[in-house]
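Student: I am new to this structure. Please show me how to read it, one feature at a time.
Tutor: Gladly. Look at the picture, then ask.

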Amino acid sequence: MVVLQTDYFDLGQICRSGQCFRMRRIEGEHEGTGAEKICLDVGAGHGDSKTSLGWETYEIIADQKYLRASQRGRECRFFCCQEEFEDFWKVYFDLENDYKAYIDQINPRDAYLLAAADSGSGIRILRQDLWEMVVSFLISQQNNIVRIRRCIGNICERYGERKETPEGWEYYGFPKAETLAGLDEVALMECNLGYRGKYVVRTARSVASGETDLEQIRKLPYRKAKEELLKLFGVGEKVADCICLFALHDLEAFPVDTHINQALEAHYKRGFPKRRYRGFQGVLQQYIFYYELHSGS
DNA sequence: CGCCAGGGGAGCT
DNA sequence: AGCTCCCCTGGC
């Protein structure tokens, strides 16, 4: 187990930020030493069950990896070994980046952006798997977050590899492009993807055949990467920007969806000051998105 | 039952 | 850049 004291990091906010769809809160029974943990899976959509001592436990599945992590205030516990944490999760959660520095650069006269950042100051822009993000945001279009989660859960259970951690926790890895490429275009209908199924299958074929080289795209700067992603069937402006932001960590990507669009029209009639925030607009976009989704406005 | 919205995209002008 | 159509699912 890795224990950490961290500011500007909140598992709950990250889970609700809409950038990852396979992270969820679970019920965790905490013990002071953290020596052994017994966790009860209460399924999706459970109520506001209070965990002991104010700790919140989350399950994170990233591509083929699994992690449980708990947090209370700025105290975090990652249930993995030091090596795995250093090599993977620390990077995944973008813990080496200074988010206070981003927030400090917000125009003090911009009360709206200050409030948005304050509401989601524990958000990190995760460094997620490229293939998983391509599929996830193909599915996200004209779709709500609850259903996106269910769709992705469905294809993972059906086409992903069943795995088990040393602790005996079962999970499914994200399905490989080769697997999805072999499916009929309508096969994903039963995973509840609707018309998006053909986007996923055709894109999977493009990746599996080598026509699209994700490893190559990973090395490209933002503009070039986005240009390449736009060639994929079903990928438009917004989806491409989401992939760039959440997989390639291009913080200048600024995905504009209906929520963001409404917020921009309401609060930035003369346009969002992208120049002022050059290079990290994507972080601010995420604060705004989170604020719009959870402030109840 | 109809209607509409859900973190859009394709195809055309 | 703007417009029309696309045409799945869930909620009201």
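**Reading the model step by step**

Tutor: Start with the domains. In chain A, the domain assignment gives domain 1 (2–96), domain 2 (108–123 + 249–297) and domain 3 (130–242). Keep in mind that this is a predicted model.

Student: How far apart are the C-alpha centres of domain 2 and domain 3?

Tutor: The two centres lie 26 Å apart. Seven residues of domain 2 are in contact with five residues of domain 3. On the domain 2 side, the touching residues are four nonpolar and three charged, with no polar ones.

Student: Now helices. At what angle do α5 and α11 pack?

Tutor: For a helix pair, read the angle, the axis distance and the handedness. α5 and α11 pack at about 145°, and their axes are 9 Å apart. Their crossing is right-handed.

Student: Which residues of α5 and α11 make the contact?

Tutor: From α5 come Met133, Val134, Phe137 and Leu138. From α11 come Val239, Cys242, Ile243 and Phe246. By class, this contact has eight nonpolar residues, with no polar and no charged ones.

Student: Let me take one of them. Is Met133 buried or exposed?

Tutor: To judge burial, count the neighbours around a residue. The cut-off for buried is 20 or more other C-beta atoms within 10 Å. Met133 has 26 of them, so it is buried. Met133 sits in helix α5, which covers residues 130–140.

Student: What does Met133 touch, leaving out residues up to four places away in sequence?

Tutor: Met133 touches Gln128, Ile243, Phe246 and Ala247. Sequence and space can also be compared for a pair. Met133 and Cys242 are 109 residues apart in sequence, but their C-alpha atoms are 8.0 Å apart in space.

Student: Now the DNA. How many residues surround DNA strand B?

Tutor: For a DNA strand, list the residues around it, then see which elements supply them. DNA strand B has 21 residues around it, and the closest are Gly18, Asn144, Gly236, Val239 and Asp257. Two elements, α11 (237–246) and α12 (258–267), each give two or more residues to this surface. α11 gives the most, with four residues.

Student: How do the residues near DNA strand B divide by class?

Tutor: Seven are nonpolar, eleven polar and three charged.

Student: Which residues surround DNA strand C?

Tutor: They are Gln142, Arg147, Met189, Asn192, Gly194 and Tyr195. By class, the surface near DNA strand C has two nonpolar, three polar and one charged.

How values were computed:
Residues numbered from 1 in each chain as written. Chains lettered and ligands numbered in written order. Predicted model: local features only at pLDDT ≥ 70, side-chain atom pairs only at ≥ 80, totals over all residues. Buried ≥ 20, exposed ≤ 12 C-beta atoms within 10 Å, placed from the backbone. Contact = placed C-beta atoms within 7 Å. Near = placed C-beta within 6 Å. Nonpolar A, V, L, I, M, F, W, Y, C, P; charged D, E, K, R; others polar. Domains from an automatic or database assignment. Axes fitted to C-alpha atoms, helices over the stretch in contact; angles between N-to-C directions. Left-handed = near helix turned anticlockwise from the far one by under 90°.
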